Each structure stands twice: as structure tokens, then as C-alpha cells.
Amino acid sequence: MSAGGGTKAIIAALVANAGIAAAKFVGFLITGSSSMLAESVHSVADTSNQGLLLLGQKTARRKATLNHPFGFGRDRYFYSFIVALMLFSLGSVFALYEGIHKLESHEELSSPIVAVIILLVAIGLESYSFRTAIVESKAIKGNATWWQFIRQSKVPELPVVLLEDAGALFGLVLALLGVGLSTLTGDPVWDAIGTICIGALLGVIAVILIVEMKSLLIGEGAAPAELDVIVDELAAGKVQRVIHIKTQYIGPDEMLVAAKIALNPGLSIDEVAEAIDAAEQRVRAKVPAARLIYLEPDLDRSLTTKS
């Protein structure tokens, strides 16, 4: 996935959420539904979040500097982490507050049919955004399950958009149920309960994203299967074995590999340099993300000790 990976999904979500937010606010002003207000704020937060994700992609493309010699790839992780925090604060906490307030005040709904129509339109738009995110994610998901993809993906934007869109769809259904039940029973408590459920749902999604983005932000290494490929490619040619190795993603598309390798004894300086160059080429051919490779040549002292 390139540095611009997921851009189509982000733009689709931004356009959909901006339109949905405007429609929901109109619906809230007409109906007074707390579910509509919670969903309005949620959509505004989501629209802002897509803007932050696009900003992260842009700033991550800056060239490396003396102060940041490995570049700015982690900007994408940083802005994705901010998005998770915003989803929690502007989405979950606000919805919970509004739901509890509505539960205490028992405010009646007005023109609920307007809210129902707006929510149905919003479900259609959100479904389009969700489908776009799914199509973009399938290109890199491989055989992993969706949960594994969210947990293991080094591209932060797609898991964020996927979970945001899923949360938005379920939230819209909850809002629709809240408004519908309040209309059918004449009891506004259902609208309040729907709002509280929306807040709880967004809270769970936000916590998942916070945990995953924090892990990426502080630095994750290669996945076990990916690490095995790197070790296998290093331990070939004139390399006897990998003594120890450390990896870390310094951006979604750039991995740092540092390893101490045992070379065949008796090699000349030129042969050592050739062996290191060949090892780097083998790794990059199989794992293109391994752009920064630092190898320290050494002798396999374990063999000397045994002999």
C-alpha cells in the first residue's frame, strides 16, 4: 500500500459525512431528537477526522531532515491516534451526556417522520462510504480476517475508516430504532436509550482504535511471517546465520531492519561488502517495505566455542 493508500476511502467518507452531518442537524432542529443530535455531532467529528487523515498523509510525505533523519512517516500514525481521541470525546462522551440528559428531561419529539427520512438517506450514504472502504481494504487484507486486518495492518487510515463507517452504520440503525420506538409508544425514553447505546458503541470503537494507533505510534516490528522471510533471505549466500535482528516500522510503507549476521570465515573486505549488499538486495526483493537495512558482519562464535 502506497503512501496515498486509502485516499479514495477517506474522500468518500469525508463527502458522505459532511452531507450527512448537515442533514442530521436540520433533522435535529425540526424534531428535537437527542439521537439525531448525537448522530449530528458524530458525523461532524467523522468529517473532521477524514480531514485529519488526509493531513497526515500529506505531512508524512515530507523529506527527511537532520532532526528527523528517518522522515515523517509516523505522522500518519499520529493523526490517526488524534482521530481515535476525537471519536471518543466528540462522539462517545457527547452522545452519552446527551442521552442521559434526555432521559432526565423527557422531551417530546416533533415531526419524527423527518428524522426517519433523514436517517434512511444517511444509511444509504454511509453504506456507500463503508463499501468503498471495504473494497480498498480487500486489496491489502489478503487471507486475514477483518479483525486480524484491523489488529495487524500497518496502514492506519483504512482500519480507522472501516471502524468509523461500521460504527456510523450501527449508530444510524440505533438512532432509527430510538426515534421509531419513541414515535410508536409516545415515550421519548426510547430516543434517550438509543442515544446512550450510540455513545457506548462509539466508545468501544474509539478504545479499539486508541489501542491500535498507540501501538503503531510507539513502534511495531515486522509480523512473524514477515520476519521469517527477512531472516531466511539474510541467511543465504555467504551469510551463515542471523545472530540477532530487530525491526520496526517507521511509517506504513517503510521498515527499519537492523541485524548482526555471521559471515563465512576468511572473507576479504570486498567479499564482506558484496555479501552485505547481496543480503540487502534479497530482503528488499521479498519485502519492499524494508527500505532501511543496517547489517553488522560478525563471525559465528557459537561454532568456534563448540569446536
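These are my notebook entries on a predicted model.

**Ground rules.** I number residues from 1 along each chain as its sequence is written. For this predicted model, local features need pLDDT of at least 70 and side-chain atom pairs count only at pLDDT 80 or more, while totals for chains, interfaces and linings use all residues, and side-chain values use heavy atoms, with hydrogens and water left out.

**Entry: the pocket.** I looked up the largest pocket. A pocket here is an open set of points on a 1 Å grid over the protein atoms alone, where a 1.4 Å probe fits, with protein on both sides within 12 Å along at least five of seven lines. Its volume is about 500 Å³, taken as the space filled by probe spheres set on the points, which are joined across faces, edges and corners. It has 19 lining residues, each with an atom within 4 Å of a point. Closest to the centre are Gln-152, Ser-153, Lys-154, Glu-226 and Tyr-249. I then checked which elements give two or more residues to the lining: they are α4 (112-141), α5 (146-152) and α8 (224-234). Helices (H or I, at least four residues) and strands (E, at least two) are DSSP runs, numbered from the N terminus. Helix α5 gives the most, with three residues. By class, I found 12 nonpolar, three polar and four charged residues in the lining. Nonpolar means Ala, Val, Leu, Ile, Met, Phe, Trp, Tyr, Cys and Pro; charged means Asp, Glu, Lys and Arg; the others, Gly among them, are polar.

**Entry: the core.** Next came the largest nonpolar core, with 62 residues. Such a core is a set of buried Ala, Val, Leu, Ile, Met, Phe, Trp, Tyr and Cys residues joined through side-chain atoms within 4.5 Å. Buried means under 20% relative accessible area, exposed over 50%, and partly exposed in between (1.4 Å probe, protein chains only). Val-161, Leu-209 and Ile-230 are among the residues with the most contacts inside this core. Helix α6 (residues 157-185) gives the most to the core, with nine residues. Setting aside residues up to four places away in sequence, Val-161 touches Ala-9, Ile-10, Ala-13, Gln-50, Leu-53 and Ala-133, where contact means heavy atoms within 4.5 Å.

**Entry: Ala-175.** Ala-175 is in helix α6. It is buried, with a relative accessible area of 0%. Beyond its neighbours within four places in sequence, Ala-175 is in contact with Ser-35, Glu-39, Leu-119 and Ile-198.

**Entry: salt bridges.** I found 10 salt bridges in the whole structure. Each is a side-chain nitrogen of Lys or Arg within 4 Å of a carboxyl oxygen of Asp or Glu. I noted three of them.

- Arg-76 and Glu-157 meet at 2.7 Å, N to O. Arg-76 lies in helix α3 (residues 75-105) and Glu-157 in helix α6, so the pair ties together parts 81 residues apart in sequence. Both residues are buried.
- Glu-212 and Arg-151 have their closest N and O atoms 2.5 Å apart. Glu-212 is in helix α7 (residues 189-218) and Arg-151 in helix α5, 61 residues apart. Glu-212 is buried at 8%, whereas Arg-151 is partly exposed at 40%.
- Glu-220 pairs with Lys-154 at 3.5 Å between the closest N and O atoms. Glu-220 lies in the loop between α7 and α8 and Lys-154 in the loop between α5 and α6, so the pair ties together parts 66 residues apart in sequence.

I also noted a network of salt bridges that links Arg-76, Glu-157 and Asp-253.
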